[in-house]
Amino acid sequence: MDFDAPIITDDDLPDAPHAAPVDPEAFVDSLFVDLTEPQKQAVLHTEGPLLVLAAAGSGKTRVITRRIAYLVAGCGVPPWQILSLTFTNKAAGEMRERVHKLLGASNSDGTESRATKGLTITTFHSLCARLLRRYAEAAGLKPDFSIYDSADQLALVKKAIAGAQLSTSNFQPRSVLTAISNAKNDLVDCEAFAMSASDFSSKCIAAVYRSYTKSLRQANAVDFDDLLLLVAKVLKQNPDVREDCRRRWQYLLIDEYQDTNKAQFQIASLIAGESTPDRKPNICVVGDPDQAIYGWRGADISNILDFEEHYPAATVVKLGENFRSTAPILATADTLIKFNKRRKHKPLFTSKLGGEKIEVNNCRDERHEGQVVAHWLKRMHEEGKQETDSDGENAVGGLSWREMAVFYRTNALSRVIEEAMREANIPYTIARGTSFYEREEVKNAIGYLRVVANQADSVSLSRIINVPTRGIGDTSYDRVEMVAEREGRPVLELMREVDRIPDLSSRAVNAITKFTAMMDTWTGSGAFMGAQVSATLADLVDRILKESGLEGMYKHQAATSKSETDAERLDNLAELVSSAKEFEQEYDPAADPGNDAGTNQVPPLLALLRAYLESIALVADADAIDPSQGSVTLMTLHAAKGLEFGAVAIIGLEEGILPHARARESEAALEEERRLCFVGITRAMRRLVLTASKYRTVRGITERTIPSRFLDELPREHVHRADQSDAYADLEGTRWGGSATGDDSQGGSGRDFPSTPSSRGGVSQFPPNSKVRHPQFGLGVVVSSTGGAQARVTVEFKGIGVKTLVLEFARLTRV
DNA sequence: TTGCGATCCCTTTTT
DNA sequence: GGGATCGCAA
């Protein structure tokens with residue numbers, strides 16, 4: 001997990017904030033030695049607005065980190081005056097690490113102390129969450145508010161739709177939520193929305209929006225979009241807050257500026273301050289319009305395109321030289337992106353010579369595609385390791401698994417690739433960071449924690465009130481809720497006055513009394529004080545797991561069902577406890593704005609819990625990418641932005657997938673799809689393959705596909721095409737590569753696909769009922785098998801289930 | 001109140 | 001194909 005730089009007030013810090021390096025001049029010089037002229041220019045420009053147009057792979061992060069280091073070490077800017085904003089925790093974490101490394105080196109005792117103290121490098125959402133805690137009152141919240149995720153949002157919207165007497169078939173919760181979210185990103189709150197609603201449908205949505213907002217506030221909760229919207233509002237309407245922030249952050253830096261939405265733009269502008277003849281705000285934005293891929297989420301590309309209009313004094317620096325990719329990859333990306341009409345032309349160039357052609361592979365179906373990708377990755381892994389390289393040239397040396405990635409347009413495409421990776425025995429990780437916190441058992445546990453932290457959190461309360469079952473079913477809960485709603489008070493509060501609720505069975509009354517008593521023992525009746533209350537966060541989490549009966553429930557399940565997922569659930573709960581412990585160790589109470597001195601004395605445990613829940617709520621998929629694990633990374637194209645890999649495979653280059661079917665409506669959407677493809681291509685350093693399937697099964701229906709138009713937009717001279725879509729290897733027992741019919745000018749057939757037919761003896765070695773061992777799945781019994789070069793064995797593994805494996809790669813051994 | 005089976009809708013992409 | 005939701009039976 002990842003923690004953000006603390007927000008520290010000016011008073012917390014000494015006047016001379018940065019320690020002088022051993023040899024300051026030499027150190028500052030060292031910041032520039034390996035920079036190009038435009039890069040230097042961007043680093044040196046510290047005062048006044050600056051727009052850095054950074055092409056893919058042009059050393060953008062290097063420029064940003066050097067610039068921060070230069071501000072501190074070269075210009076004597078106190079680190080706490082610098083605010084650097086990114087979109088993902090991962091980007092923020094990396095940037096922080098690199099800056100600390102740079103400045104740490106200048107620190108004589110080697111510790112990360114003053115040189116970076118108070119430096120704020122964080123995400124928009126984290127910053128806003130923190131500001132909202134500090135200025136909760138100005139935003140009409142209590143500082144212990146919950147942050148609702150999309151599942152919570154959906155629950156509330158459903159209620160709101162029902163409450164407005166509308167049917168969910170005419171107003172699909174998801175699309176209503178999208179409408180609300182879009183409005184919020186555009187800084188349109190529910191009142192403004194209602195004012196501008198003219199037709200029936202938008203009037204209905206306005207009503208839902210209003211009631212949704214009301215429920216959120218009643219639950220003392222905000223959704224993701226509120227974090228931005230409310231902070232923008234507070235900054236706009238509250239001069240004191242605005243002044244606080246401006247005084248604190250004199251230097252503002254924003255990465256991926258092309259992806260900012262209206263709310264983020266507003267926040268940045270308000271913190272930076274207006275541009276006047278006597279005042280030039282120190283705002284530096286970095287981005288690339290060609291990598292704008294969040295238009296669907298309200299990102300407004302004109303924020304970056306109109307930067308110079310907004311800040312007339314702005315300096316513009318263009319970073320065009322690419323240091324990442326080989327010439328063919330770069331030429332491919334450049335040729336493709338030129339098909340976008342609404343675009344400022346920006347050359348993309350490299351001084352590198354040579355490099356392999358990129359590959360385009362047409363496959364038969366998605367299974368085949370998976371195998372082709374797996375083979376390709378294996379080839380990349382092994383190439384150059386063998387003494388005689390099949391090509392005899394450009395032996396790049398085998399890439400390790402961690403240097404490779406597979407990208408896809410939609411998450412749904414990952415499954416087939418996963419299967420292929422398993423069958424081919426290639427270690428892989430899927431970049432899905434939220435999945436841990438989305439597990440049922442973890443969500444339940446977090447539900448308890450949320451209610452403990454915020455007693456008004458009705459969505460979480462309704463989630464856990466009867467888990468494990470304790471005799472408070474829907475009917476009883478609804479009865480309490482009805483009264484609570486009528487009185488505008490939290491449900492949990494009404495539960496404490498259970499006698500006042502009509503029509504409750506005595507059993508329910510009993511259960512509710514027991515439940516509130518249990519809550520009170522955890523929170524010390526809300527005071528978080530007293531001998532009974534846990535001292536540490538991990539303690540509290542552990543205790544809640546045990547005393548709520550959650551742990552017992554899953555223990556029972558694990559014991560009776562024997563399926564692996566049930567056993568995993570207990571492990572996950574244990575992991576939650578250790579994650580709490582880990583968080584606790586890194587938590588700095590002085591840095592928590594909710595813990596502000598004097599005004600609102602928050603019991604430390606509650607502050608800790610609150611901060612912990614916040615850190616959980618703001619994790620994203622992309623945060624989980626951890627290349628240290630030595631495995632191939634599987635992720636969506638969106639998640640890939642900002643990363644680089646030695647070898648990249650992009651799958652599903654088909655009309656309807658990439659470009660996505662929903663992009664057909666408008667030219668703008670189509671151009672965004674093309675940028676998405678561009679982003680994927682420019683992640684590759686040395687090798688790139690794009691694949692398409694002739695047939696694809698979507699939602700159980702197999703259909704003939706049309707190759708993506710993007711494939712026609714690639715430069716022929718840099719592309720090696722292979723068509724394997726007519727091969728029937730699996731059925732005939734022949735190899736795939738036989739019938740390449742692509743337009744490959746070299747006339748070769750499908751290259752060296754796969755030239756190692758089955759090893760180790762074939763299926764005859766594994767008759768049905770024989771016992772086998774698999775390196776990953778363990779012991780199993782063969783159920784059936786099919787022969788041929790693509791021979792498969794179906795094996796039932798103990799405790800795992802039935803798997804079908806390609807014999808050639810399965811590394812099965814007879815036991 | 002709970003548990004299970006039938007049915008329905010789905011899918012961009014994410015903080 | 002599959003996950004979520006709903007309705008019905010116990």
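## Terms and basis

Buried means a relative accessible area under 20%, exposed means over 50%, and partly exposed lies in between (1.4 Å probe, protein chains only). The model is predicted: local features need pLDDT of at least 70, side-chain atom pairs count only at pLDDT 80 or more, and totals for chains, interfaces and linings use all residues. Residues are numbered from 1 along each chain as its sequence is written, chains are lettered from A and ligands numbered from 1 in the order in which they are written, and side-chain values use heavy atoms, with hydrogens and water left out.

## Cysteines

The whole structure contains zero disulfides (a disulfide being a pair of cysteine sulfur atoms within 2.5 Å). For C204, the nearest cysteine sulfur belongs to C190, 15 Å away. C204 is buried, at 7% relative accessibility.

C245 is also in no disulfide; its nearest cysteine sulfur, that of C128, lies 9.7 Å away. C245 is buried, at 2% relative accessible area.

## Salt bridges

There are 44 salt bridges in the structure, each a side-chain nitrogen of Lys or Arg within 4 Å of a carboxyl oxygen of Asp or Glu. R130 and E614 form one at 3.6 Å, N to O. R130 sits in helix α5 (residues 124-134) and E614 in helix α27 (residues 604-617), 484 residues apart; helices are DSSP runs of H or I, at least four residues, numbered from the N terminus. Both R130 and E614 are buried.

R422 pairs with E418 at 3.9 Å, N to O. The two are four residues apart in helix α17 (residues 414-423), so about one helical turn separates them. R422 is partly exposed, at 22% relative accessibility.
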